[in-house]
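The following paragraphs lead the reader through a single protein chain, from the confidence of the model to individual residues and their partners. Please keep the sequence and the structure in view while reading.

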Amino acid sequence: MAVEVQPMVVPVVDMAMLVVGMDLLLDLAEVAVVGLEMADWYLNMARGPLRHLLNLYSTKNNFSRVTNFLHSNRFLHHLHPFESRFYPSPHPQITNPMKFKPSYFTQFSDFYIFPYFNVHTICALSDNVKKEPASNLTEKVESEPKLECGGDGFTESELGNEDTWSEHERLNFVQIANRDPVEIYKDIRDAVKSEKQSRADWDTLTEIFRSFSKSGWASSQALAVYIGASFFPTAVHEFRKFFFKKCKTDLIKYLVLLGPGDGADKFLFPVFVEFCIEEFPDEIKRFRKMVDSADLTKPHTWFPFARAMKRKIIYHCGPTNSGKTYNALQRFMEAKKGVYCSPLRLLAMEVFDKVNTLGVYCSLLTGQEKKDFPFSNHVACTVEMVSTDELYDVAVIDEIQMMADSSRGYAWTRALLGLKADEIHLCGDPSVLNIVRKICSDTGDELVEQHYERFKPLVIEAKTLLGDLKNVRSGDCVVAFSRREIFEVKLAIEKYTNHRCCVIYGALPPETRRQQATLFNDQDNEFDVLVASDAVGMGLNLNIRRVVFYNLSKYNGDKMVPVPASQVKQIAGRAGRRGSLYPDGLTTTLHHDDLEYLIECLKKPFDDVKKVGLFPFFEQVELFGAQLPNITFSQLLMEFGENCRLDGSYFLCQHQHVKKIANMLEKVQGLSLEDRFNFCFAPCNIRDPKAMYHLLRFASSYAQKLPVNIAMGMPKCSARSDSELLDLETRHQVVSMYLWLSNHFEEESFPYIKKAETMATDIAHLLGESLLKASWKPESRNARNTKLQQEEDVYQRPRSLVKLQEKKRHEKSLPKQRLEKVAA
């Protein structure tokens, strides 16, 4: 009985369509009268695995075979029976399941086509087809010649009867897959014209090349033959035009069979490489020079004099308050010539004062200060300012775990690799111990490890402050992670208790922080509580009895995140110091909800750092820039970051602040590449418009060969409000920036150094006075909006009745607009 079936136009782009296609084909198999016609129609609609299936079984000889297969594999797309249009539900039960021999599907598994067929059962029973015993079917399959399929684009007329195929007409895909890519490329290149193909084949081929151009694997592999990521899409586009113009049928059929994906990408890539080598030799040569100039691999080879020495590295490994820095400084003072590398100006100044007090002549070198002590052979400096040209007996690098810092880590890496010292003492926690071991094995230096334990264990108080700052006691340090919270805490403590508070946070100059720390440590005054930011974590010796965390989350510039465990340990460890009034360290939280996270952080072992920071020297940037002469400095840094090569133990430090300053300085004409490089590393708060304005003015004056003037007035008194306090902080930062630039450029260009030093001292003193009497509430971020709202609440005479009427109309339309948005 013939049954008329109307074609169903269904998109066939995913596995769900394969299910629909199998259902349709199975139904057609049961009404064989219309089966072949419908299969031919569906062939034109199908894509992917379904199309391959239709290609294989679109002849009369194979039609019974697909019926048997689909009957036995209903479970591929249906978990339970369903109602069919051509036979009743449920489906007939499969009584004699069997399997084809795996050898029958070998030709398809070689090309990742139907890789699971050899494990699915094939049945010899169906309703409307002549039933054959399983043994007969197996014999028939084994006796039939293997069918070789060309993938998309086959029609019934193209395939014909497989018994009539000649050896010349068959497509030997195995031979194509095993051919040398060089030979394939030469055949395509030497071809006169591409052979005619079906529209379906061209569509599939277009998808294959689109997938290839977006392949991350192919793009990364192309770097190995010096085809850059920016040039890769252009090269693929030219390769596609070349391929479409001259490719042969057998190669196209093979690619169509593979389809878009990894298989086609891996087949095309070596042919693509041959094409690029022949067509783009100049681009490859240029990119190779560029990559060689941005090569940051093996950074230990950058310091040949240090490699020629037999250095001894002593790693003082331990937590805070364990005596590791004290022991390293003892060796520093005993040496004939030594250098101490500090993470902060404040700590360098503290060591400078301490060592000179003990009778060892020592100089000070930071980005802003140069204090040469007569006859001194020792120097205390910030780690960025240490010289890798001087020869030392002993060098101390403090807080060595900062090698893993995303912004400044390169300075510690440079000091460790490049210092020319017989002994180098590293002080820090165990987080970078393994990476230091690896670096020492690369450099050939001897490594000695000295492990320390905390003098007195840090105790967590289970009883928190219960959310009430009235429970603060003398010797407490309340740690908050924003400037606003710091002043709110100070105001609340001084309002509701008899305690007075000192304040320390990162925006304060080192002189002011030292003054506040001295005030807190002195027992003969009323300032017995410290309110601080995470800046208290290093650089100051403080008599802290208990560290109280106001909260344990902070803003990272994008969102609120938990404070890292390593930072919690560093800050909490400031409680209790040997030789102070409070040798036993305590820590707790303001709110009970934060106590569990505090305990978790202190119990957590130190992270094992896998990579440390690197950043190129100016000479490396200059060499790289010679390959790209017509781009801006900001673009040059971006290109360097994209094309530099690094070893597995290193990462490129972030330089967003550098790029932002570089973008601002693009309008300044007359600056050399080295001048721009130095200006971009000036200590400027990129979020402060006033500081950025003064940096731009300094650079403009320098570019015009004019003496750079500070051009900023001196405040007459201490701050009386939070806005005045912020202004003092900005002014000190501008003066500090001027001093830093004067140490990195010619002195003739920045002649007002003495004036700047005097201003810096005076502003730091005014900041100290302002903090002592600060009793104002910090301004809200939305203060301006609040002020505008207050102005709107006050009656104002309308200037125009027309505008007033328009305003009323607009207010009436707002509810309607909201309803429309909700409906949408």
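The coordinates are those of a predicted model, and the mean pLDDT of the chain is 77. A value of 70 or more is reached by 73% of the residues. Two segments call for caution. Over residues 1-54, pLDDT stays under 50, and the model has 103 contacts beyond four places in sequence for this segment. Over residues 780-799, pLDDT likewise stays under 50, and the model has three contacts beyond four places in sequence for that segment. Where pLDDT is low, the predicted coordinates should not be read in detail.

The overall composition can be considered next. The chain has 824 residues, of which 49% are buried, and it contains 33 helices and 20 strands. Among contacts with a separation of 6 or more, 76% are between residues 24 or more positions apart. The chain exposes about 42,000 Å², and 53% of this area is supplied by carbon and sulfur atoms.

Strand E9 covers residues 420-428, and eight of its nine residues are buried, so the strand is largely enclosed by the rest of the structure. Strand E9 pairs with strand E3 (residues 312-317) in the parallel sense over six bridges. It also pairs with strand E8 (residues 391-397), again in the parallel sense and over six bridges. Leu426 of E9 takes part in both pairings: it is the bridge partner of Tyr315, and it is also the bridge partner of Ile397.

Six strands form it in the order E11-E18-E15-E12-E14-E13, and their pairing is parallel. Strand E11 (459-460) and strand E13 (500-504) are the edge strands, each pairing on one side only. Strand E11 is joined to strand E18 (residues 586-589) by two bridges, and the two strands run parallel. Within this pairing, Val459 stands opposite Leu586 in E18. In a regular strand the side chains alternate between the two faces of the sheet.

Which residues does Phe303 touch, leaving aside those up to four places away in sequence? The residues in question are Thr388, Arg414, Leu417, Gly418 and Phe617. Phe303 itself is found in the loop between helix H15 (281-293) and helix H16 (304-308). Its relative accessibility is 9%, and because the limit for a buried residue is under 20%, Phe303 counts as buried. Phe303 and Thr388 are 85 residues apart along the chain, yet their C-alpha atoms are separated by 8.4 Å.

Charged side chains provide a further set of links. A search of the whole structure finds 35 salt bridges. One of them joins Lys253 to Asp201, with the closest N and O atoms 2.5 Å apart. This pair links distant parts of the chain, with Lys253 in helix H13 (residues 249-258) and Asp201 in helix H10 (residues 199-213), 52 residues apart. Both Lys253 and Asp201 are buried.

A salt bridge is also found between the side chains of Asp534 and Lys554, at 3.7 Å from N to O. Here too distant parts of the chain are linked: Asp534 lies in the loop between strand E14 (527-532) and strand E15 (546-549), whereas Lys554 belongs to strand E16 (residues 553-555), 20 residues apart. With 30% relative accessibility, Asp534 counts as partly exposed.

Asp608 and Lys610 form another salt bridge, and their closest N and O atoms are 3.2 Å apart. Asp608 counts as partly exposed at 36% relative accessibility, whereas Lys610 is exposed, with a relative accessible area of 58%.

Phe375 is found in the loop between strand E6 (370-371) and strand E7 (378-382). Is Phe375 buried or exposed? Its relative accessible area is 77%, and therefore Phe375 is exposed.

Technical notes. Residues are numbered from 1 along each chain as its sequence is written. This is a predicted model: local features need pLDDT of at least 70, side-chain atom pairs count only at pLDDT 80 or more; totals for chains, interfaces and linings use all residues. Side-chain values use heavy atoms; hydrogens and water are left out. pLDDT is the predictor's confidence in each residue, from 0 to 100. Contact means heavy atoms within 4.5 Å. Helices (H or I, at least four residues) and strands (E, at least two) are DSSP runs, numbered from the N terminus. Buried means under 20% relative accessible area, exposed over 50%, partly exposed in between (1.4 Å probe, protein chains only). Accessible areas come from the Shrake-Rupley method with a 1.4 Å probe; for residues, only the protein chains shown count as cover. Two strands pair if DSSP finds at least two bridges between them. A salt bridge is a side-chain nitrogen of Lys or Arg within 4 Å of a carboxyl oxygen of Asp or Glu.
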